[in-house]
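Me: Got a model open here and I'd like to talk through how it packs. Can you take it piece by piece?

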Amino acid sequence: MIKTVPIKNTLVNSQTGLLSVFFLLFFINCFGQNNASTIIPKPNEFVQKDGVFKLTKQTVIFCGAQKMINLDFLQSYLTDIVGFKLETSKTQNQRNSINLVVDTTTSIPDEGYKLTVETSKINIIATTESGLFYGIQSLTQLINKTKTGLTIQNCVVNDSPRFAYRGMHLDVARHIFSVQTLKKWLNILAFYKLNTFHWHLTDDQGWRIEIKKYPELQSKSAWRDETIIGHKRTDPHLFDGKKYGGFYTQEEVKEIVKYASERFITVIPEIEMPGHARSVLAAYPALGCTGGPYGTANFWGVFDDIFCAGNEQTFEFLENVLDEVIPLFPSKYIHIGGDESPKTRWEVCPKCQNRIKSEHLKDEHELQSYFIQRIEKYVNSKGKKIIGWDEILEGGLAADATVMSWRGEEGGIAAAKQKHDVIMTPEKFVYLDYYQSLNPNEPIAAGGYTNLKKVYDYEPVPAILNTEEQAYIKGVQANVWSEYLDSDKKAEYMIFPRIIALAEIAWSRKESKNYPDFLSRLDKSMRFLKDVNAAKSYYEITGKSTSSKSALALHTDLPKAEIRYTTDGTEPKSNSSIYKGAIYINKTTLLKARVFKKGIPQGKVFQQELIKSLATGHLVTLKNEGSGNYNLDKQALVNGIQGTYLYNNGEWLGLSGSDFDATIDLGSVKPISEFGINVLNYQWQKMHPPKLLTVEISTDNVDFHEVCRQTKFTEEGINKVLLKFNPTKARYVRIRAVNEGIIPEGFYGSGTKAWLLLDEIIIN
């Protein structure tokens, strides 16, 4: 058993070794249409035919000579639906039969299948057992209860996946989940045709896999003395004072791997190196550069103490660990992390500096490359390949490594151009620990904003790659980091249904994607998630500034619904103003809106403060454009909508390492006496306030003179700057903010470029 203190578990039905029907217990109470709109992921081809197949006690299953696993799955499904076990038949294609056929002579792709439903019989044909399995998942989604019994619409489905790698990552180092819970989630992943489970087993906050050669990994590294309360951005940090931890025994690991493989899911373990090693160093301090003392981390972040790359004991330890890990996982891949490894300790460590000299390396980045390549050779010697986060590109990429591109798409693009396999997993689009709703009452999350539509709309193959390079994009993965997922219920709220959107991007053809159609199928598919705490926020109202930049457009994806709103701070009711088009910002006001369907309120109330100032909607000129994910339309700075603590919600303009220099044309000379702007101070996310903020004015856009400045920004989070000065006339207002530049020592990301994030310029 996993040893954990404390941990809450949501238990599923007793496991039988089959793809449990825990969700199908609720199925027979549901009615719905039998057509392609019920299948997720959307199949490549669905042709509906006249008539239906009736599922009765007399229905038989033909399985042929292939493995029995798929027969067991189908029997389990159908037994739950019809209440008894269907008989098997030795005869194929007899009347009232379901025929499961593996035919290696067909041209069906490896994981593909052909499903044919006729009035007299059902055939599922595939070239592989996995293809047959996926055909069974689609068949199950087509079963419908009507007044005359259980039926399946006659149809032909031809289907196969777009990507070979379709994955979900789960971090169990920050918070651990029971074997039963993992099985429950694996069932759902398999049902939606995901085939890879990336198991993040080690990090600064805990070591979660038994290594018999190093017992202190279990007795020390698997435990932390206490855990931070609330968000890591809080200052000072608060702690719960409770010891927390646990690990999976090797027998439990084997159990999970076997359970997953029966569902055609490959489990890839991740053993972090050279960074994220605090939990290891707590037990084996000689593996660090300073010798300690160290402790398993009790809060979230990136730490300077990493494995010493100049110490031979480090490689001996990691090789011994891998000797125990590799036999547990049939996967051809071992994930070795490679991300977020500060070089601070290496820069002053005599052993690391000697290693740089003896190996004729240029710097600490090449030392990391040496580290990764050395581990890769050892992994290769065991018949495996490595995967690493995109930082393994630094200093030169290991010869046969696969790259997971998480900081954006740039790492994946670079790797593909170097002819390396790539898994796309950029945090902006597929990190499921981000907020999925803008509602202020959402449970605490890591940060940022990634709603269901943003996940669904993600396209994993960058257009900048040519046809040959695109072939190196092997798949896509959603990542679930567990810093703020302290219970099964909270984890499910964050994972589902966004992982189902990921499943469709991974399986279905790009040209077939259609978000409203997906939502329609998702609504029908939610009957399979009755005991899952799935989020329902995808029908909530979203707001977006219009092209005019001085109006707010509202939207809901709920069909046949209406939006009603107020601007006086009261709660919207069924007789409030109905939304018919963009709401223009004529004055500062608090807008509240809610979805109504047939007069009944749906979901939570949307709330947005709209700000009207002399700057609103006027032309902005920037000297330096925004960077990366924060390269927004410059007019967002004066659209009347302020950025929130969700820093990637499309309102914050950000600059990496460079200064902010903006000029606003007010259109005519006007008297002004007040300036406002918001500055984001999230040093835990490399977002630093400016060293200096100045405001200058001019009547001719040539001669400027300063009217106010500010040098201190002490608020953790949003600093609402409001500066007043003597009334003066101006047409042009220039704002300059000096970037922190290189992040100093003692701060997260030290030695790298600081981000400067600003939004909503207010002039009165």
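Reply: Helices here are DSSP runs of H or I, at least four residues, numbered from the N terminus. This is a predicted model, where local features need pLDDT of at least 70, side-chain atom pairs count only at pLDDT 80 or more, and totals for chains, interfaces and linings use all residues. Residues are numbered from 1 along each chain as its sequence is written, and side-chain values use heavy atoms, with hydrogens and water left out.

Me: Which residues of helix 3 are buried?

Reply: Among them are L182, K183, K184, W185 and N187.

Me: What comes just after helix 3?

Reply: K193, with a positive phi of about 70°.

Me: Switching topic: which residues touch the most other members of the largest nonpolar core?

Reply: W199 and I499, out of 171 residues. A core here is a set of buried Ala, Val, Leu, Ile, Met, Phe, Trp, Tyr and Cys residues joined through side-chain atoms within 4.5 Å.

Me: And what is W199 in contact with?

Reply: Leaving aside neighbours within four places in sequence, its contacts (heavy atoms within 4.5 Å) include L170, L182, Y248 and F329.

Me: How many residues are in the second, separate core?

Reply: 31, including L622 and V733.

Key
Buried < 20%, exposed > 50% of the residue type's maximum accessible area, 1.4 Å probe, protein only. Helix = DSSP H or I, 4+ residues; strand = E, 2+ residues; numbered from the N terminus.
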